[in-house]
Amino acid sequence: MDAIVPADPYADSYLDGNALAGPLSELFAVDVTAAVSRCAHCGSTGPVALLRVYPRGPGLTARCPDCSGVVLRLVRGPDTAWLDMRGAVRLAVPLAD
Amino acid sequence: MARAAVSGRLGARLRWQAATLVERREETASAQTLVFDVPGWAGHLAGQHVDVRLTAEDGYSTQRSYSLASAQDADRLELTVQRVPDGEVSPYLIEGLAVGDRIEIRGPVGGWFVWRPEQREPVLLVAGGSGLVPLMAMIRAREAEGSRAPFRLLYSLREPADRLYAPDLERGSAGLDVTYVYTRSAPQGATRPPGRLAPADLVQWGWPPDFEPTVYVCGPTGFVEAAAVQLVAQGHDPGRIRTERFGPSGG
Ligand SMILES: Cc1cc2nc3c(=O)[nH]c(=O)nc-3n(C[C@H](O)[C@H](O)[C@H](O)COP(=O)(O)OP(=O)(O)OC[C@H]3O[C@@H](n4cnc5c(N)ncnc54)[C@H](O)[C@@H]3O)c2cc1C
Ligand SMILES: [Zn+2]
């Protein structure tokens, strides 16, 4: 069994990384949700679509499903978007088609 | 074709586009399908969604995501909206928007929670409430493309009156099995007593893990969480489970 984790008060308030598809489409010409990211906190890798997105803060915060560390944060102002990716070591973007 | 349409999109960042409401259909007492006309709509893949933006006269604007309900159809797009009591956007879309009115949309987006016609493996769809919407798009795309991929749908809902797309699902399709899991009250003659989706339901009505199905789970966050945990415990490869959480009350 996994370690017992403290009850998450926001357990019900997150979305999948899929929900980042629209906001990130303003910045990237490819679908970033299908890209594989590597978490800077625990090293696990997986599609951006599987991150946990908390939409109710200022902007969108995407956390690692394995360690809950913040992988990516996006804040949209009227004419600037701030993308903080220090929680992602890298992004592997499929360019198949 | 769906693939060509989506590929053509790569290389261009998406912009907000005007969408005009042309038709609305009542699905249940609290859910409607809204049909929008979007000039130049390039099509979509089953499972993708759009972001909807509403802007008030004073400039305040707010956005929500809605799944595409239909298989591809040039220039037209269908969303099915379930009214969330006290919600900001969903009651407006259902009651406040008139035929001829315009909203802004951005999409189609999302390349992960999709089913493509070239997929041949068995598919299990697990829907909680309005989480049926993108899964119905997959069922419709399967039919439209003449796919033989075997599909099973497990649809969890409170009671018979909440059934979305009831006529379509009743008409059925060869190779599609539909099972309703009623959580509050089941229709006369139902063999399964009402209750939340249980591990036994997934065993009985889903696919065995060694069939290597792709599983799509969609609905309110708590529902998706519980179903995904059960599927993994039953031996399904987490890499074959695709989830779309609608949020705390999205269903
Ligand atoms: C990718 C995606 C696809 C979706 N597709 C569909 C679809 O096809 N059809 C559909 O009907 N919906 C869909 N949804 C859900 C939809 O985006 C909206 O969330 C839903 O319509 C509710 O919006 P609202 O503005 O009406 O409610 P809101 O005003 O956002 O509030 C909803 C309810 O949640 C409560 N609430 C607000 N904040 C919190 C919080 N932090 N914690 C707990 N409760 C809170 C509010 O009190 C209210 O009762 C989808 C969501 C996603 C992410
Ligand atoms: Zn991590």
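Which strand of chain B holds Pro108(B)? The answer comes in the last of these views, which are drawn from a predicted model.

**View 1. The interface of chain A and chain B.** Each partner brings the following: chain B gives 24 residues to the contact, and chain A gives 24 residues. The size of an interface is often quoted as the accessible area that is lost when the parts come together. Here about 2000 Å² is buried between chain B and chain A. Carbon and sulfur atoms supply 48% of that area. The rule finds 10 residue pairs in polar contact across the interface of chain B and chain A. On chain B, the elements that give two or more residues to the side touching chain A are strand 3 (49-55), strand 6 (102-109), helix 6 (221-233) and strand 11 (241-245). By class, this side of chain B has 9 nonpolar, 9 polar and 6 charged residues.

**View 2. Salt bridges between the chains.** How many salt bridges does the rule find across the interface of chain B and chain A? The count is 3. One side-chain pair meeting in a salt bridge is Asp16(A) with Arg245(B), at 2.5 Å from N to O. Glu225(B) also forms a salt bridge, with Arg52(A). In that pair the closest N and O atoms are 3.7 Å apart. The pair crosses between chains: Glu225(B) sits in helix 6 of chain B, and Arg52(A) sits in strand 4 (residues 52-54) of chain A. Over all chains, a search of the whole structure finds 19 salt bridges.

**View 3. The antiparallel sheet of chain A.** Five strands of chain A form an open sheet in the order 1-4-5-6-7, with antiparallel pairing. Strand 1 (15-16) and strand 7 (81-84) of chain A are the edge strands, and each pairs on one side only. Strand 1 and strand 4 of chain A run antiparallel and are joined by 2 bridges. Which residue of strand 4 of chain A is the bridge partner of Asp16(A)? The partner is Arg52(A).

**View 4. Two hairpins in chain A.** Strand 4 and strand 5 (residues 60-63) of chain A are antiparallel, with 3 bridges between them. Tyr54(A) stands opposite Thr61(A) of strand 5. These two strands make a hairpin with 5 residues between them. In its turn, Gly59(A) has a positive phi of about 80 degrees. Next, strand 5 of chain A is joined by 4 bridges to strand 6 (residues 70-76) of chain A, again antiparallel. Leu60(A) stands opposite Leu74(A) of strand 6. Strand 5 and strand 6 of chain A also form a hairpin, here with 6 residues between them. Ser68(A) lies in the loop between these strands. Ser68(A) is not a glycine, yet its phi is positive, at about 70 degrees.

View 5. Strand 8 (residues 151-157) and strand 9 of chain B run parallel and are joined by 7 bridges. Ser156(B) stands opposite Val181(B) in strand 9.

**View 6. A cis peptide bond in chain B.** Gly107(B) and Pro108(B) are joined by a cis peptide bond. Its omega is about 5 degrees. Pro108(B) is found in strand 6 of chain B, which settles the opening question.

How values were computed: Residues are numbered from 1 along each chain as its sequence is written. Chains are lettered from A and ligands numbered from 1 in the order in which they are written. Side-chain values use heavy atoms; hydrogens and water are left out. Contact means heavy atoms within 4.5 Å. Buried area is the accessible area (1.4 Å probe) that two parts lose on being put together, summed over both. A salt bridge is a side-chain nitrogen of Lys or Arg within 4 Å of a carboxyl oxygen of Asp or Glu. A polar contact is a pair of N or O atoms within 3.5 Å; within protein, one must be able to donate a hydrogen and the other to accept it, and residues adjacent in sequence count only if both atoms are side-chain atoms. Ala, Val, Leu, Ile, Met, Phe, Trp, Tyr, Cys and Pro count as nonpolar, Asp, Glu, Lys and Arg as charged, and the others, Gly among them, as polar. Two strands pair if DSSP finds at least two bridges between them.
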